[in-house]
Amino acid sequence: MKPLHHYEGIKVERVIRAREDMHGFQRKAKRFLMDNPMSALFIDLGMGKTIICLTLIVDLINRGWKGKALVIAPLRVAKATWPDEIDEWEHLEGLPYTLIRAEDDDDDIREQYEAVYKPRYAKERWYGETPADAAKFARAKANPVRQEAKEAKRIAQTLEDTQLHIINIERIEWLVDFWAKRWKTHREKWPYDTILIDESSKFGVHNTLRFKALKRVLPRVKRLHELTASPASEGYMKLFAMTYLMDQGERLGRNITAYRKRHWDQNPYTKAWKLKRGHDEKIANKIADIVMTLRADDYRDVLKVQKWLPLKRPVKLSSEHMAIYRRFEDTMFLNFDTHEIEALNGGALVNKLLQFTAGAVYDESKKIVAIHNEKIEALRELKEELGDEPLMVCYWFKSSLDRLKKAFPKAVVMDKAGKCIKPWNEGKIEMLLINPGSAAHGLNMQKGPGHDVAFFDLVWSRELYEQVIGRVARQGQRQLVRVHHLLVLGSADELVYDTLRDKGEGQERLFRFIRAMQRRIEKRKDDGQLRPPVPANDWERSERRVA
């Protein structure tokens with residue numbers, strides 16, 4: 001046992017694991033990354049992508065690498081998961097890192113803010129202002145000071161001379177711009193020759209600012225590794241941008257237009273893109289040599305994880321409410337009590353239909369119009385069936401959160417800092433309310449008795465869907481995870497559910513194609529038809545091999 005730093009007044013101790021405790025597939029994945037400087041791991045949740053990559057960094061340092069590495073990850077993962085992993089492994093002990101992060105509630109930031117806010121507030125009150133106006137004037141004076149303090153802190157962290165820096169995805173444009181300005185003033189170039197992108201599917205859209213920012217620094221990057229469990233959860237379109245970051249267009253082309261023309265057909269009326277028949281396998285074959293897939297199902301005996309069980313929990317609306325739903329669906333107008341609500345387009349209509357099935361719809365002024373409590377009652381029945389067993393409830397709409405909190409006063413809402421993870425793992429929370437959009441990544445919630453997940457609101461994103469389930473269905477979970485879907489029969493709920501299933505099946509095809517291609521590559525190696533990858537100096541770009 002090794003004592004860690006005090007956390008909120010509590011001295012935490014943690015079991016230290018050794019390199020020998022790594023699974024064989026984790027060591028194999030590390031060797032793959034070492035041999036392929038521009039590559040990706042399509043790895044299931046809970047299979048240890050963080051320790052794989054940190055071990056890679058340590059081994060690079062041991063080989064004499066003198067460069068700098070940058071980890072780009074979702075905010076909570078950057079703040080907790082990567083630093084925590086360094087504390088948990090013996091061979092990572094002493095690995096220096098810097099977390100580039102500055103937030104309003106940091107002690108030093110808050111201290112500078114309050115040094116301006118408090119005297120200004122007192123002065124405004126002395127002038128006779130009301131508490132509300134005094135606070136408004138004080139905030140106006142203190143907010144610029146806080147922003148300057150946060151900027152100064154981020155700059156100081158960025159300039160720290162450690163070999164590993166960690167930053168959240170939303171800050172990558174800031175970081176690239178900072179070093180671009182630094183070059184003009186101090187002649188200092190982009191310092192990171194190694195980049196690891198956690199949840200790399202967030203860089204799957206070619207025209208986003210974050211993708212364009214990373215594209216600017218690619219000429220100075222000699223090693224880049226992408227990590228995701230959901231590379232094709234939204235279809236194969238995102239694979240273009242993700243692959244481009246690794247090979248600058250070598251495999252799927254240098255621009256999205258050519259990629260679409262080669263592999264997709266476009267509906268002339270809806271403008272929607274549809275993958276050509278058989279081209280899912282063609283795309284997989286093109287990227288197979290730089291991608292390694294690791295699926296939990298293939299290592300279930302080693303991981304001791306059972307596959308989660310999807311369960312439908314039908315919810316039936318009254319004939320009156322169903323008639324109102326049908327009229328809303330047909331006319332795009334909802335007349336309920338004294339409220340008249342219009343859906344301006346098809347997308348808005350589907351969104352409001354999902355709100356309807358949840359039990360409340362927003363009107364034109366963003367006020368909640370309550371319609372029914374059928375899902376609330378269905379959830380109450382489920383909780384009664386589970387008894388004292390913990391239940392994680394996923395919501396999407398704020399209206400759903402408000403109604404769930406009212407219906408279940410003892411329910412705990414997932415906080416931004418993740419402080420409720422510990423009591424959840426200790427079985428002290430009977431119902432946890434969680435939003436997949438803000439809490440899908442970086443939460444290890446598999447260590448306690450909780451193994452039931454209920455979707456009060458369904459989400460369109462297969463990635464968020466899988467990620468939030470993966471908080472409990474991961475290594476260390478001893479029970480079968482049951483996923484309960486509250487579905488209003490004959491409604492948009494079933495449409496979303498079927499769409500999620502289709503996306504999941506498409507992603508599974510990608511994984512199967514890549515594994516089959518890799519087997520063919522290995523066979524050609526064994527037959528002497530392919531040279532093994534060149535293990536060049538790890539601080540220099542090695543020649544990339546194309547099968």
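What follows is a working chat about a predicted model.

User: What are the ground rules for this model?
Analyst: It is a predicted model, where local features need pLDDT of at least 70, side-chain atom pairs count only at pLDDT 80 or more, and totals for chains, interfaces and linings use all residues. Residues are numbered from 1 along each chain as its sequence is written, and side-chain values use heavy atoms, with hydrogens and water left out.

User: How many residues does H5 have, and how far does it reach?
Analyst: Helix H5 covers residues 131-158, which is 28 residues, and reaches 39 Å from its first C-alpha to its last, close to the 40 Å expected at 1.5 Å a residue. Helices (H or I, at least four residues) and strands (E, at least two) are DSSP runs, numbered from the N terminus. The expected span is 1.5 Å times one less than the number of residues.

User: Where is the kink in H5?
Analyst: At alanine 142, shortly before proline 144, and it is about 30 degrees. The bend is the angle between axes fitted to the seven residues ending at a residue and the seven starting there.

User: Which parts cover the buried residues of H5?
Analyst: The cover includes helix H4 (107-126), helix H6 (172-186) and strand E7 (192-198). Buried means under 20% relative accessible area, exposed over 50%, partly exposed in between (1.4 Å probe, protein chains only). Among the buried residues of H5 are Ala142, Arg146 and Lys150.

User: Switching to rings. How many aromatic pairs?
Analyst: The structure holds 14. Rings of Phe, Tyr and Trp (its six-membered ring) pair if their centres lie within 6.5 Å; planes under 30 degrees apart count as stacked, over 60 as edge-to-face and the rest as tilted. Phenylalanine 25 and tyrosine 299 have ring centres 4.6 Å apart and planes at 35 degrees, so that pair is tilted.

User: Where in the chain do those two sit?
Analyst: Phenylalanine 25 is in helix H1 (residues 24-35), and tyrosine 299 is in the loop between strand E11 (291-294) and helix H11 (300-303), 274 residues apart.

User: Is phenylalanine 25 buried or exposed?
Analyst: Buried, at a relative accessible area of 5%. Tyrosine 299 is partly exposed at 23%.

User: And threonine 194, what does it touch?
Analyst: Beyond its neighbours within four places in sequence, threonine 194 is in contact (heavy atoms within 4.5 Å) with residues including Trp65, Leu70 and Arg223. Threonine 194 lies in strand E7 and is buried at 2%.
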